[in-house]
Amino acid sequence: MRLIIHNDSAEMSQWVAQYVVDRINKHKAATDQPFVLGLPTGSTPLGTYAELVKHYQNGNMSFQNVVTFNMDEYVGIPQNHPQSYYTFMWENFFSKIDIDPNNANILDGNASDLELECKNYEAKIESYNGIDLFLGGIGSDGHIAFNEPGSSLSSRTRLKTLNNTTVLDNARFFDEDISKVPTMALTVGVGTVLDANEVLLMVNGYSKALALRHIIEEPINHMWTGSALQLHKKAIIVCDEASTHELRVGTVRYFKGIQKLNNQNEFQSS
Ligand code: PGA
């Protein structure tokens with residue numbers, strides 16, 4: 001696992017966007033197959049989406065041969081609700097790039113058969129031979145996608161009940177009114193994320209510091225589902241200084257030292 005620490009979330013977002021552009025362009029040069037990108041929502045990736053839009057506008061890349069799969073979607077609010085992840089993705093990203101709408105996959109939280117919706121989602125990912133790069137964030141409780149504490153670390157796409165921490169965290173998007181926050185969601189599983197060729201998590205802000213410690217320094221534990229990334233063959237965590245607050249000084253220095261060396265061969269190792 002790589003841990004790449006930036007001064008702030010703006011730097012973090014620029015770095016991640018450049019990384020994604022680099023991956024997509026390298027893939028394009030090597031094959032006609034689409035690049036399959038897993039995507040998160042939330043406040044963390046907003047800067048990265050804005051940077052990716054800039055790259056697209058500057059002609060550095062195209063999303064024409066990119067297929068995306070979003071991590072999760074709420075159950076119980078309409079697709080056109082301002083806080084649905086469908087709305088989030090179209091407002092902040094998809095409407096500003098040249099992706100084919102048919103290639104932008106988002107779980108349907110209003111499907112009549114939610115179980116079948118999840119099964120079909122897994123099958124569709126598999127039909128593309130899996131995900132090349134899964135971008136994600138983490139919750140303050142260490143969740144990855146909506147895999148709340150206690151989720152199976154081999155879980156697949158399914159219906160999940162959200163926990164109190166997540167509902168409270170998300171109240172800021174629902175007028176600070178907990179009663180308006182959906183309590184169920186469809187989410188890819190930890191196993192689905194782990195199957196990706198590469199996983200890149202973005203972590204910023206002090207509120208994620210404890211979770212980051214559990215993911216980096218503590219043993220793999222289903223109570224901090226992001227810690228499952230320790231098992232992944234190519235996992236990168238890109239974070240800001242504030243989120244490293246609970247890490248040991250030695251851990252921070254260790255990864256910064258490695259990063260210094262890696263900068264000489266940027267984007268090459270894991
Ligand atoms: P946030 O959410 O980016 O809005 O903090 C991240 C998450 O819950 O995975």
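This is a predicted model: local features need pLDDT of at least 70, side-chain atom pairs count only at pLDDT 80 or more; totals for chains, interfaces and linings use all residues.

What radius of gyration would a compact globule with 270 residues have, and what does the protein have?

Author: Residues are numbered from 1 along each chain as its sequence is written, and side-chain values use heavy atoms, leaving out hydrogens and water.

A compact globule with 270 residues would have a radius of gyration near 18 Å, and the protein agrees with its 18 Å (taken over C-alpha atoms; the rule is 2.2 Å times the number of residues to the power 0.38).

The structure holds 14 aromatic pairs (Phe, Tyr or Trp rings, the six-membered one for Trp, with centres within 6.5 Å; planes under 30 degrees apart are stacked, over 60 edge-to-face, the rest tilted). One of them joins Phe-63 and Phe-93 edge-to-face, at 5.5 Å centre to centre and 85 degrees between the planes. These two residues are 30 residues apart, each in a loop, and both are buried (under 20% relative accessible area with a 1.4 Å probe, protein chains only; exposed is over 50%, partly exposed in between). Tyr-74 and Phe-146 form a tilted pair, 5.9 Å centre to centre with 40 degrees between the planes. This pair ties together parts 72 residues apart in sequence. Tyr-74 counts as buried at 1% relative accessibility, as does Phe-146 at 3%. Finally, ring pairs link Phe-63 and Phe-93 into a cluster with Tyr-49, Tyr-86, Phe-88, Trp-90 and Phe-94.

Definitions and conventions. Helices (H or I, at least four residues) and strands (E, at least two) are DSSP runs, numbered from the N terminus.
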